[in-house]
Amino acid sequence: MSWFESLILGLVQGLTEFLPVSSSAHLRLTAAFSGWEDPGAAFTAITQIGTEAAVLIYFRKDIGRIILAWLKSLTDKEMRHDHDAQMGWLVIVGSIPIGVLGLTFKDQIEGPFRDLRITATMLIVVGVIIGIADRMAARDESGGRHRAAKERKSLEDLNVRDGLIFGLCQAMALIPGVSRSGATISGGLFMGYRRESAARYSFLLAIPAVLASGLFELKDALENDHVSWGPTIFATVIAFASGYAVIAWFMKFISTKSFMPFVYYRVVLGLVIIALVAAGVLSPHAAESAG
């Protein structure tokens, strides 16, 4: 991997990780359209450490408060009723599905799931799902002529059942094209949560899963020496900087705007990919990275 490739791929990772468009799909597609080798699951997982570092810094006050309350709850029974302590437990509970499924389907995630036809299908299908969830939330928020606006849930209403459902939605993002934020936020909208609440929990829920995945791939890469370390580290730094900017923008965007532009983008991109693969312009299978 060249330094220029790492710059572009790092930017793509940072710009798309938190938007409901699938960063893994865009990394795969950027390489395919540019004629580069597929950066691979290891590169994706390691550069995601950069974007998660952006989450840690952006939400540092929330995270610090949650960790402190959770630690206190281990010895203080009264603290177990504290919302921040409960949030710590709910992040752990919500992380279980992606941990189990990620280990179970590791070979498929790194191989067959990276087929561009699967990616394109997921872009379209999940895009439609996000659109339906967005319209449902908008209808509740605005009400209508014969119906009052409906109050949607906040993170104060989060429970174990909802945490597990959020976690299952996040686990779907193991398939390129799904989008971690898109799946978890739309899942939250279907369960009746406010946009900001669903997005905040989505970002917090991603921290243990992405860091664990990145460290796992990092350990594997160190043992097998199949990663171009200089460009990969550079891409991770670029992903951190661009990712932080996107979080700040996205949290403001979702409070007042619709997700429909992302829905249209996903559907059009998916259809274009299917057409290009059918025409033989793009190969559906990834070229193996030389490291």
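Helices here are DSSP runs of H or I with at least four residues, numbered from the N terminus. The model is a predicted one.

Rolling a probe the size of a water molecule over the atoms shows where empty space is left. In this model there is one cavity of 30 Å³ or more, and the largest cavity contains about 40 Å³ of space. Its lining is made up of Glu-17, Phe-18, Glu-52, Arg-180, Ser-181, Ser-202, Phe-203 and Ala-206. Sorted by class, the lining residues of the largest cavity are three nonpolar, two polar and three charged.

Which helices each supply at least two residues of this lining? They are helix 9, residues 180–190, and helix 10, residues 195–224. Helix 10 contributes the most, with three residues.

Helix 9 also packs against another helix. Two packed helices are described by the angle between their axes and the distance between the axes. For helix 8 (residues 160–171) and helix 9, the angle is about 150° and the axes lie 8 Å apart. Angles over 145 degrees count as roughly antiparallel, so helix 8 is roughly antiparallel to helix 9. The crossing of these two helices is right-handed.

On the helix 8 side of the contact are Phe-166, Cys-169 and Gln-170, and on the helix 9 side are Arg-180, Ala-183, Thr-184, Gly-187 and Gly-188. By class, the residues of this contact are three nonpolar, four polar and one charged.

Technical notes: Residues numbered from 1 in each chain as written. Predicted model: local features only at pLDDT ≥ 70, side-chain atom pairs only at ≥ 80, totals over all residues. Heavy atoms only, no water. 1 Å grid on protein atoms, 1.4 Å probe; cavity = no way out; pocket = protein on both sides within 12 Å on 5 of 7 lines; lining within 4 Å. Points joined across faces, edges and corners; volume = space filled by probe spheres on them. Nonpolar A, V, L, I, M, F, W, Y, C, P; charged D, E, K, R; others polar. Axes fitted to C-alpha atoms, helices over the stretch in contact; angles between N-to-C directions. Parallel < 35°, antiparallel > 145°, perpendicular 65-115°, else oblique. Left-handed = near helix turned anticlockwise from the far one by under 90°. Contact = heavy atoms within 4.5 Å.
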